[in-house]
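Dear colleague,

Here is the structure I said I would pass on. My notes on what was found in it follow below.

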Amino acid sequence: MGGTEHLTVRREGATLVLTLNRPEAKNALSLSMLVGLYDGWLAADADDEVRSIVLTGSGGSFCAGMDLKALAGRGMEGEQYRDRLKADPDLHWKAMLRHHRPRKPVIAAVEGHCVAGGTEILQGTDIRVAGESATFGLFEVRRGLFPIGGSTVRLQRQIPRTHALEMLLTGRPYSAREAAGIGLIGHVVPDGDALAKALEIAGRINACGPLAVEAVKASVYETAEMSETDGLAAELKRGWPVFDTDDAKEGARAFAEKRPPVYKRA
């Protein structure tokens, strides 16, 4: 199934589960993890049997951000992956969903720390679930750094600007309840239940027409910054072809026959 020392990959039915796996460092980003993440995004999109992706972390944490030891010039684990980074200097941004958007829906299942680069990756996901003790925040300014993973652009488009600026400029932590209150996450569940809830949501997505799901996701992001007129025109361009697919015909037949549909991506 692929993966690296710091990123595990497994299938749960039609869902690909990517797990950040460096618990001793609260899943701080390493080169091994970044390579595994990017390969995971690509693998999910290349496999028609995969209809959704869940991103989570091991050891009770989601991601504590970049490995600051590496940033200080003291090396990064995973030297064997240096050639990958040299061949694609943009790989780390693609892994963090800054310069890459998977076709398939991505659901984040957050427990524990989801701060700095963790909160930045979170903004590249589509649906977000968190355990009630999870912690969010962009701590970069407290360390004299800049949240260059996309937060000064994306955050204000995802939550009200006053909340975005407070999070960016104070560098303070946010509880899961507070993050839900400002719209950063969608669900707060008991600690330890985030993955189960994310898989439940993924299962509902997986039961839908995959071509329709992908087209809807693409349309939402494509039209986000358009005028209403341009957005509606773009929506028609994306949406009409879906009605001509075998998936659409199967959906109509299944409804008429009062049975679950069986979609084949055609």
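The second largest pocket draws most on α6, which gives five residues to its lining. A pocket here is an open set of points on a 1 Å grid over the protein atoms alone, with protein on both sides within 12 Å along at least five of seven lines, and lining residues have an atom within 4 Å of a point. Helices (H or I, at least four residues) and strands (E, at least two) are DSSP runs, numbered from the N terminus. The space in this second largest pocket is about 500 Å³, where a volume is the space filled by probe spheres set on the grid points, and points are joined across faces, edges and corners. Two or more lining residues come from each of α6 (151–158) and α10. Of the 22 residues in the lining, Arg101, Arg154, Arg157, Gln158 and Tyr221 lie nearest the centre of the pocket. By class, the lining of the second largest pocket has eight nonpolar, eight polar and six charged residues. For these classes, Ala, Val, Leu, Ile, Met, Phe, Trp, Tyr, Cys and Pro count as nonpolar, Asp, Glu, Lys and Arg as charged, and the others, Gly among them, as polar.

Two remarks on the source. This is a predicted model, in which local features need pLDDT of at least 70 and side-chain atom pairs count only at pLDDT 80 or more, while totals for chains, interfaces and linings use all residues. Residues are numbered from 1 along each chain as its sequence is written, and side-chain values use heavy atoms, with hydrogens and water left out.

Next, the cavities. A cavity is a set of grid points where a 1.4 Å probe fits but cannot get out. The count is one cavity of 30 Å³ or more, and the largest cavity has a volume of about 40 Å³. Its lining consists of Arg51, Lys104, Pro105, Ile205, Asn206, Cys208, Pro210, Val213 and Glu214. Both α9 (194–206) and α10 (210–223) supply at least two residues of that lining, and α10 has the largest share, with three. Five of the lining residues of the largest cavity are nonpolar, one is polar and three are charged.

Glu214, one of the residues lining the largest cavity, also forms a salt bridge with Arg103 at 2.4 Å, N to O. Glu214 is in helix α10 and Arg103 in the loop between α4 (91–95) and β4 (106–110), so this pair ties together parts that are 111 residues apart in sequence. A salt bridge is a side-chain nitrogen of Lys or Arg within 4 Å of a carboxyl oxygen of Asp or Glu. Glu214 is buried at 12% relative accessibility, whereas Arg103 is partly exposed at 34%. Buried means under 20% relative accessible area, exposed over 50%, and partly exposed in between (1.4 Å probe, protein chains only).

The structure holds 16 salt bridges. Among them is the one between Asp47 and Arg11, at 3.4 Å, N to O. This pair links distant parts of the chain, 36 residues apart, with Asp47 in the loop between α1 and β3 (52–57) and Arg11 in strand β1 (residues 7–12). Asp47 is partly exposed, at 26%, and Arg11 is partly exposed too, at 33%. Arg10 pairs with Glu12, their closest N and O atoms being 2.3 Å apart. Relative accessibility is 31% for Arg10 and 36% for Glu12. Glu250, Arg253, Glu257 and Arg259 are linked in a network of salt bridges.

What does buried Glu120 have, given that it has no salt bridge? Its side chain is 2.9 Å from the backbone nitrogen of Gly149, and a polar contact of 2.8 Å joins it to the side chain of Ser151. A polar contact is a pair of N or O atoms within 3.5 Å; within protein, one must be able to donate a hydrogen and the other to accept it, and residues adjacent in sequence count only if both atoms are side-chain atoms. The nearest side chain of opposite charge to Glu120 is that of Arg98, 6.6 Å away; Lys and Arg count as positive and Asp and Glu as negative, with His and the chain ends not counted. Glu120 is in helix α5 (residues 117–122).

Last, the backbone. Asn27 is not a glycine, yet has a positive phi of about 60°. Asn27 is in the loop between β2 (15–20) and α1 (31–46) and is buried, at 0% relative accessibility. Ala116 also has a positive phi, near 50°. Ala116 is in the loop between β5 (113–115) and α5, and its relative accessibility of 5% counts as buried.

Regards
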